[in-house]
Each structure stands twice: as C-alpha cells, then as structure tokens.
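Here is a short briefing for a reader new to this protein. Look over the sequence and the model before reading on.

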Amino acid sequence: MKSKLVLLLLVIFTLNSYAQEFENGTIVTKHYDTIANVKIKKISDAKSLLHLTYIDEQGIEQRPEIETIKCYNRGEDIFCRIYNSGEMIMAKKVVIGEKLNLYERYYNGKTIFYIEKVFDELIKIPSSSNKFRKIIGDFLSDAPQIAARIEAKELVDILEIVKLYNKS
C-alpha cells in the first residue's frame, strides 16, 4: 500500500514538473505553415533564439532547425525572424505597437535592441550614447518633440521612447 502511494506521488510530481517546463504555443514556419496547439519547451530567451523543442498534438517531441521557423509564441513571449544587415535573425518581440515594434536579441552576453517602424524600416539601436542620440533622433524625426528630447538627452530609455512614439 505504501509503495503504491509513493509511486502515485512520484508520477504526479513527474507530470507536474514536466508540465512546468513547457508552455502552450504556436509555430509558423518560413513557408507560412502554422503548427498550433503545441507545448513549447521553456528555456532562456537567449537559447530560445537558437533552439526550439516542442511536443506536437500526438505527444511526440520535435526539434526543428531554428532556420526553418519564421516565428513562434511560447505563452506570452513572441520570437520572430527579422531582417538586419542582409541576414535574417531570430529576436524576441518586446513591444508590439501601432507605429513601432521593439525587438531584443542576446548576443555574446549583450542585449541588442532593434526598432522597426511598422511595415517599414528596421534599425539596430547603437550602444554608444552619441550615436544613439543621432541615429534614433533621425529615425524618429517624424515625431519632432520626441526627437528633440532624445537629442537633449532627456529620453535615453529605448522602451520609454518606443512607448511615447506609439502614443503620439
């Protein structure tokens, strides 16, 4: 009797811990095929740009090459392929806006941000504060109040800048 109870508790614990490692998600391949109702393995954001493991509807674990994936969501997180400097790279979508989207990518231990005018140009956010002011100010010149505040060093947080621009 005691061994059955221990076995039952072990099974429940195993299933519970297994369920916590995966989140519901949807995958879109580069050929625009949609794979819905899957369980996507939770790993760090940095690794999520390089690897994808999911359990399909039949309960089979799949590991497609990340290059075959256009985008996927894992719970609330969205990862998608963006075009930067002549190549397609995977990035995490941080802000989805009406005017601007913000992406982040972890590379060599650093966080790199990209902003995209919706249905238009995408640029990499420079790490140098002087280049940041010039490039972001020029990129957002169609919002003169925001661009002036960037030039004056009043606005330096890219997340705040994107939110303000989307509200303007």
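This is a predicted model: local features need pLDDT of at least 70, side-chain atom pairs count only at pLDDT 80 or more; totals for chains, interfaces and linings use all residues.

Residues are numbered from 1 along each chain as its sequence is written, and side-chain values use heavy atoms, with hydrogens and water left out.

**Overall picture**

- The protein has five helices and ten strands. Helices (H or I, at least four residues) and strands (E, at least two) are DSSP runs, numbered from the N terminus.
- Of the 168 residues, 36% are buried. Buried means under 20% relative accessible area, exposed means over 50%, and partly exposed lies in between, with a 1.4 Å probe and protein chains only.
- The accessible surface is about 10900 Å², and carbon and sulfur atoms account for 54% of that. Areas come from the Shrake-Rupley method with a 1.4 Å probe; for residues, only the protein chains shown count as cover.
- Take the contacts between residues at least 6 apart in sequence: 32% of them join residues at least 24 apart. A contact means heavy atoms within 4.5 Å.

**Helix packing**

- Two packed helices are described by the angle between their axes and the distance between the axes. Axes are lines fitted to C-alpha atoms, for helices over the stretch in contact, and angles run from 0 to 180 degrees between N-to-C directions.
- Helix 3 (residues 129-139) packs with helix 4 at about 175°, and their axes are 9 Å apart. That makes the pair roughly antiparallel. Angles under 35 degrees count as roughly parallel, over 145 as roughly antiparallel, 65 to 115 as roughly perpendicular and the rest as oblique.
- F132, R133, K134, I136 and G137 of helix 3 make this contact with A147, I150 and E151 of helix 4. By class, the residues are four nonpolar, one polar and three charged. Ala, Val, Leu, Ile, Met, Phe, Trp, Tyr, Cys and Pro count as nonpolar, Asp, Glu, Lys and Arg as charged, and the others, Gly among them, as polar.
- Helix 4 (residues 144-151) also packs with helix 5 (residues 158-167), at an angle of about 160° and with axes 10 Å apart. Helix 4 is therefore roughly antiparallel to helix 5.
- On the helix 4 side, I146, R149 and I150 meet I161, L164 and Y165 of helix 5. Five of these residues are nonpolar, none is polar and one is charged.

**Positive phi angles**

- N37 sits in strand 2 (residues 34-41). Its phi is near 55°, a positive value in a residue other than glycine. N37 counts as exposed because its relative accessibility is 58%.
- N108 lies in the loop between strand 8 (100-107) and strand 9 (110-117). N108 is not a glycine, yet its phi is positive, at about 50°. With a relative accessible area of 66%, N108 is exposed.

**Two loop residues**

- T53 is in the loop between helix 2 (45-48) and strand 3 (54-55). Its relative accessibility is 13%, so T53 counts as buried. Leaving out residues up to four places away in sequence, T53 touches F22, K39, I40, K41, E61, Q62 and R63.
- E57 is in the loop between strand 3 and strand 4 (61-62). At 59% relative accessible area, E57 is exposed.
- E57 touches A36 and N37, again leaving out residues up to four places away in sequence. From C-alpha to C-alpha, E57 and A36 are 8.5 Å apart in space, while 21 residues apart in sequence.
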